[in-house]
Amino acid sequence: KTYQPVSKYPPLVEDVALIAPRNVLTGELMETIKKQSSLIRDVSLLDKYEETRTFHIVYQSYQKNLTDKEIGEIREKILEVLKEKYNAKLKA
C-alpha cells in the first residue's frame, strides 16, 4: 500500500444517469469515465435498471476548491466520449 495524503479541499459528488446499450459493460463505462480527468477520484455504480445506469462520481483536487464550471466541463467531456465510444447519452 502507498500513502496518499488527504486533501484539505472538499470533494464534490455528482450522480449521473446514463442510457447505454445493454451490451456495453458497466466496468468499461466506469473506466472510461475515470480516464477523462485526474480530478475524478472515484466512480461507482449507484443503480442499474434496464438500459439506464446511474453512476456516483467523486471529484476532488489537492490544490484548490473546484468550481461548478470546472465540474461542468469535465461532465461535458465525459458525455461526449461516452456518446462517441458507446452511443450512451444522459438520461433526460
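In helix 2, the buried residues are Ile71, Gly72, Ile74, Ile78, Leu79, Leu82 and Tyr86. Looking down the axis of helix 2, you will find these buried residues within an arc of 165 degrees, so they line one face of the helix. Please keep in mind as you explore that this is a predicted model.

What does the buried side meet? The buried residues of helix 2 pack against strand 1 (12-19), helix 1, strand 2, strand 3 (52-59) and strand 4 (89-90). Turn to the face pointing away from that buried side, and you come to the exposed residues Lys69, Glu80, Lys83 and Glu84.

## The length of helix 2

Helix 2 covers residues 68-86, which makes 19 residues. At 1.5 Å a residue, helix 2 should span 27 Å, and this agrees with the 26 Å between its end C-alpha atoms.

## A cavity beside the helix

Let's look inside next. Rolling a probe the size of a water molecule over the atoms shows where empty space is left. Here the count comes to 1 cavity of 30 Å³ or more, and the largest cavity has a volume of about 30 Å³.

Which residues line the largest cavity? They are Val16, Leu18, Ile33, Ile57, Arg75, Ile78 and Leu79. Helix 2 gives the largest share of this lining, with 3 residues, while strand 1 and helix 2 each supply at least two. Sorted by class, the lining has 6 nonpolar residues, no polar ones and 1 charged residue.

## Gln36, a buried loop residue

Now for a loop. Gln36 sits between helix 1 (26-34) and strand 2 (40-49). Is Gln36 buried or exposed? Its relative accessible area is 13%, under the 20% cut-off, so Gln36 counts as buried. Leaving aside residues up to four places away in sequence, Gln36 touches Lys77, Ile78 and Val81.

Although Asn87 is not a glycine, its phi is positive, at about 60 degrees. Asn87 is exposed, with a relative accessible area of 56%.

Glu50 belongs to the loop between strand 2 and strand 3. Phi of Glu50 is also positive, near 50 degrees, in a residue other than glycine. With a relative accessibility of 49%, Glu50 counts as partly exposed.

Conventions: Residues are numbered from 1 along each chain as its sequence is written. This is a predicted model: local features need pLDDT of at least 70, side-chain atom pairs count only at pLDDT 80 or more; totals for chains, interfaces and linings use all residues. Side-chain values use heavy atoms; hydrogens and water are left out. Helices (H or I, at least four residues) and strands (E, at least two) are DSSP runs, numbered from the N terminus. Buried means under 20% relative accessible area, exposed over 50%, partly exposed in between (1.4 Å probe, protein chains only). Contact means heavy atoms within 4.5 Å. The expected span of a helix is 1.5 Å times one less than its number of residues. The arc is that of the directions from the helix axis to the C-beta atoms. On a 1 Å grid over the protein atoms alone, a cavity is a set of points where a 1.4 Å probe fits but cannot get out, and a pocket is an open set with protein on both sides within 12 Å along at least five of seven lines; lining residues have an atom within 4 Å of a point. Grid points are joined across faces, edges and corners, and a volume is the space filled by probe spheres set on the points. Ala, Val, Leu, Ile, Met, Phe, Trp, Tyr, Cys and Pro count as nonpolar, Asp, Glu, Lys and Arg as charged, and the others, Gly among them, as polar.
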